[in-house]
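Biologist: I would like to learn how to read charged pairs and helices in a model such as this one. Could we go through it slowly, feature by feature?

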Amino acid sequence: MADSTVEAPAQAHPASEGFGTPAYRSYVLGALLVVYIFNFIDRTIVNILTEPIKLSFGLEDWQMGLLGGPAFAVLYTFLGIPIARGAERYNRVAIIAWAVAIWSLFTALCGFAMSFLMLFLFRVGVSIGEAGCTPPAQSLIADYFKPSRRATAVSIYALGVPLGGMFASIFGGQLAGLDGAEFGNFVNAIGIGFLFGNLDWSQVEGWRVAFVVVGVPGVLLSLIVWRTIKEPPRGYTDPASLQGLEKASFSEALAVLIKKPAYRHVVMGAMLASFVGYGVGQFTTSFLIRTHGLSIQTASLLFGIILGVMAALGVFSSGWLADRMSQRHPKALAWLPAIGMAASVPLYAFGFLVDNLWLAMPPLMIAAMIHYFYLGPMYAVSGGVVDSRMRATSVAITLFVVNLLGYGLGPPLIGILSTFLKTVFLSGYGMGLTLEACQPLLALAPDARALLDAASLATLEACSSAEARGLQWSIVIFVCGYGWAALHYLLAGRTLQQDMVANSAN
């Protein structure tokens, strides 16, 4: 059971291998990975459900961008720093357990939203819970694992990003593709139908079921975290000269970070990568549906399994390679991400522009793997340039910048760009079409579309083409931002060695 008291500063101990036994360290890292997977399932499932939500409420891409970005990012980023300051002083395990319970509850409530505004507010609630996850988790990892193994450990933790996105795609897409009656039959078959009274399942949309199904298990996960993870002494793996020092103030932590050029460039590069990644990720499933004519089930499986697995390989391999190459190449935490993101730009551009889906998938798979080389090093550098007194705060400041500017602006801006380009393409058809004219046609079910006359079919075809091309070119424009992010990681390498605490303390 996690100790609910605040631990004393670390004393003399065999910190060379980190806190706890190897087996228990592995369990803790695995448990935190599961937490982060649920974190990203609940965070990104709205991306997979973009098309059915859009049709259900009659929305445009820019509004879906608001759901995917600002609804989550604003409070998530602003609460991250005060929660991290609490994690420097109070029980980190308890903070994580409460956070999981809160965000899981609000994810389930999203399935009951009856309007765009209500869904927006529930997404804000999800962000409040998720703000309490990563800063205390990174602080725990730093005490459980010694510096020479920390990049691998944080890269394993960071696997929650692609794996969470993958599971959100798999389960969200499949559940959204069901009609309510099918799910109602399943509920009755497993013997829990009595819990829902006389609910008419035929009126329940699949995207609502998806939110509830992925949200509820998180409540149980929060109890497992609270009962099984131990709170380690703070600074357990820090050099002896840095242990037992007074807690650092926020201004002191910020002053230390500002003086670290490597940190500044890593944060800037990660922010740009987040801006591109969250923006493109918000609409990748929609792209596959609109451009390649896939069902939501098939599109979510392609996006989740194929691209998700490759992204997971990229996240893990970046930290694993960096740990093993750092002895001979101390700047590996900087140039590995730079190479990966720079090389991903032409691969992504080709994959999103080529007409043949199966010709597009190989470059998209490679790009998905190598662009994620930045994520593990981002956490490793953020936690490595400071000592234990300010480690959670350092990670929180990183996430504040990365998420407020990257997550907060990426999805809405790509949605705005997509809507703008859609109007441009519509005007090019010379048919006097508008967004308002297209909306009811695009919302028609397949059987209703089959009953349209020739003129209406031509209008529908023009609307569908403009919507697909607008999103396609928005994505291509956005992925060029990875090149800019790569430049900042290269610049970080110039001072990386002297900026890391483990090196400067020796």
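Modeller: Gladly, and please keep in mind that this is a predicted model. Side chains of opposite charge can pair when their charged atoms come close. Here glutamate 60 forms a salt bridge with lysine 422, and their closest N and O atoms are 3.6 Å apart. The pair links distant parts of the chain, since glutamate 60 sits in the loop between helix H2 (50-57) and helix H3 (61-68), while lysine 422 belongs to helix H19 (residues 391-428), 362 residues apart.

Biologist: Are glutamate 60 and lysine 422 buried or exposed?

Modeller: Both glutamate 60 and lysine 422 are buried.

Biologist: With which other residue does lysine 422 form a salt bridge?

Modeller: Lysine 422 forms a salt bridge with glutamate 467, where the closest N and O atoms are 3.1 Å apart. This pair, too, links distant parts of the chain, from lysine 422 in helix H19 to glutamate 467 in helix H22 (residues 454-479), 45 residues apart. Glutamate 467 is buried, as is lysine 422. Through shared partners, salt bridges join Glu51, Lys54, Glu60, Asp61, Arg290, Lys422 and Glu467 into one network.

Biologist: How many salt bridges does the model hold by this rule?

Modeller: The count comes to 11 salt bridges. Another of them pairs arginine 208 with glutamate 205, whose closest N and O atoms are 3.0 Å apart.

Biologist: Why is arginine 208 called buried, and glutamate 205 partly exposed?

Modeller: Arginine 208 has a relative accessible area of 11%, and buried means under 20%, so arginine 208 is buried. Glutamate 205, with a relative accessible area of 29%, is therefore partly exposed.

Biologist: How should I read a helix, and what is the span of H5?

Modeller: One can compare the span with the expected value, and then look at the end and the packing. Helix H5 (residues 92-110) has 19 residues and reaches 27 Å from its first C-alpha to its last, which is close to the 27 Å expected at 1.5 Å a residue. The buried residues of H5, including Arg92, Val93 and Trp103, pack against helix H1 (22-48), helix H4 (70-87), helix H6 (116-130), H7, helix H11 (206-215) and helix H12 (217-228).

Biologist: Where does serine 139 lie, and with which residues is it in contact beyond its neighbours within four places in sequence?

Modeller: Serine 139 lies in helix H7 (residues 134-144) and is buried, with a relative accessible area of 4%. Leaving aside those neighbours, serine 139 is in contact with Arg92 and Ala392.

Key. Residues are numbered from 1 along each chain as its sequence is written. This is a predicted model: local features need pLDDT of at least 70, side-chain atom pairs count only at pLDDT 80 or more; totals for chains, interfaces and linings use all residues. Side-chain values use heavy atoms; hydrogens and water are left out. A salt bridge is a side-chain nitrogen of Lys or Arg within 4 Å of a carboxyl oxygen of Asp or Glu. Helices (H or I, at least four residues) and strands (E, at least two) are DSSP runs, numbered from the N terminus. Buried means under 20% relative accessible area, exposed over 50%, partly exposed in between (1.4 Å probe, protein chains only). Contact means heavy atoms within 4.5 Å. The expected span of a helix is 1.5 Å times one less than its number of residues.
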